[in-house]
Amino acid sequence: MPKLLVLFPARGGTELAALADAVLQGARSVRFAEVDLRTIGPTGDTTPSRKPLTGSDDLAAYDGIVVGVSAGDVEGASVQETLARFGGSLTNKVGSAFTTGSGEGRTAVLWSALSPMADRGMILVPLPFSNEGAASVDGSRQMGKRVAEVIGWVTHARSHHHHH
């Protein structure tokens, strides 16, 4: 059963949170998919319904990770730190990213989150970089669904591979 983690900065703002929810909905629309939503970074006064990612949360337990990056966060620092802190293998896990940004900076912001994933051997399923798709709830929902589907294909292939 595909397990997907949606991560976004606790202080990412309501727009980013709305996109995270859309990714969650899209992924959950895929049969058997289990999806968790967690926040990273300093919380401040966010709604208690958002669970922060803690040290005990094991990224290795997930087949895919989708991260939200604030438009201003070109470093994608929180994402990189989170992945860097995590020592286990992320190879062949499916990764994607979303952002509230649009225009020129959008691609840079998305790549800042995707490149550390690529470095860790993850399979990237990015949102289209085209500007029309900028920060849309619809696009994020479709991406969540697509990531969950790809996880399904990858885990399915892997389970069959082991039987031979």
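**Talking through the fold**

Modeller: Let us begin with one detail, which is that Gly-95 has Leu-124 as its bridge partner in strand 6. Please keep in mind throughout that this is a predicted model.

Colleague: How many bridges join strand 5 to strand 6, then?

Modeller: There are two bridges, and the two strands run parallel. On the other pairing, strand 4 and strand 5 are joined in the parallel sense over six bridges, and one of the residues involved is Gly-68, whose bridge partner in strand 5 is Phe-98.

Colleague: What is the order of the strands in the sheet?

Modeller: The order is 3-2-1-4-5-6, in an open sheet of six strands with parallel pairing. Strand 3 (51-52) and strand 6 (123-124) stand at the edges with a single partner strand each, so one side of each has no neighbour in the sheet.

Colleague: And what holds strands together in general?

Modeller: Strands of a sheet pair through backbone hydrogen bonds, in either a parallel or an antiparallel way.

Colleague: Which helix lies across strand 5?

Modeller: Helix 3 (residues 104-119) lies across strand 4 (64-69), strand 5 and strand 6, and it runs at about 160 degrees to strand 5.

Colleague: Changing topic, which residues have the most contacts inside the largest nonpolar core?

Modeller: They are Phe-98 and Val-147, in a core of 25 residues. Strand 1 (3-9), helix 1 (14-28), strand 2 (34-40), strand 5 (94-99) and helix 4 (137-163) each supply at least two residues of this core, and helix 1 gives the most, with seven residues. Apart from this core lies another one, of 19 residues, among them Leu-59, Tyr-62, Leu-90 and Ala-113.

Colleague: What does Val-147 touch?

Modeller: Leaving aside residues up to four places away in sequence, Val-147 touches Leu-4, Val-66, Val-94, Ser-96 and Val-125.

Colleague: How much of the chain is buried?

Modeller: Buried residues make up 45% of the 164 residues in the chain. The chain exposes about 8,100 Å², and carbon and sulfur atoms supply 54% of that area.

Colleague: Where does Asn-92 sit, and what is its phi?

Modeller: Asn-92 is in the loop between helix 2 and strand 5, and its phi is positive, at about 65 degrees, although it is not a glycine. Asn-92 is also partly exposed, with a relative accessible area of 38%. Phe-32, in the loop between helix 1 and strand 2, has a positive phi as well, near 70 degrees. For background, most residues other than glycine have a negative phi.

Colleague: Last one: where is confidence lowest, and where is it highest?

Modeller: Confidence is lowest in helix 2 (residues 77-85), at a mean pLDDT of 70, and highest in strand 6, at 95. Over the chain the mean pLDDT is 82, and 82% of the residues reach 70 or more.

Note on methods: Residues are numbered from 1 along each chain as its sequence is written. This is a predicted model: local features need pLDDT of at least 70, side-chain atom pairs count only at pLDDT 80 or more; totals for chains, interfaces and linings use all residues. Side-chain values use heavy atoms; hydrogens and water are left out. A nonpolar core is a set of buried Ala, Val, Leu, Ile, Met, Phe, Trp, Tyr and Cys residues joined through side-chain atoms within 4.5 Å. Buried means under 20% relative accessible area, exposed over 50%, partly exposed in between (1.4 Å probe, protein chains only). Helices (H or I, at least four residues) and strands (E, at least two) are DSSP runs, numbered from the N terminus. Contact means heavy atoms within 4.5 Å. Two strands pair if DSSP finds at least two bridges between them. Axes are lines fitted to C-alpha atoms, for helices over the stretch in contact, and angles run from 0 to 180 degrees between N-to-C directions. pLDDT is the predictor's confidence in each residue, from 0 to 100. Accessible areas come from the Shrake-Rupley method with a 1.4 Å probe; for residues, only the protein chains shown count as cover.
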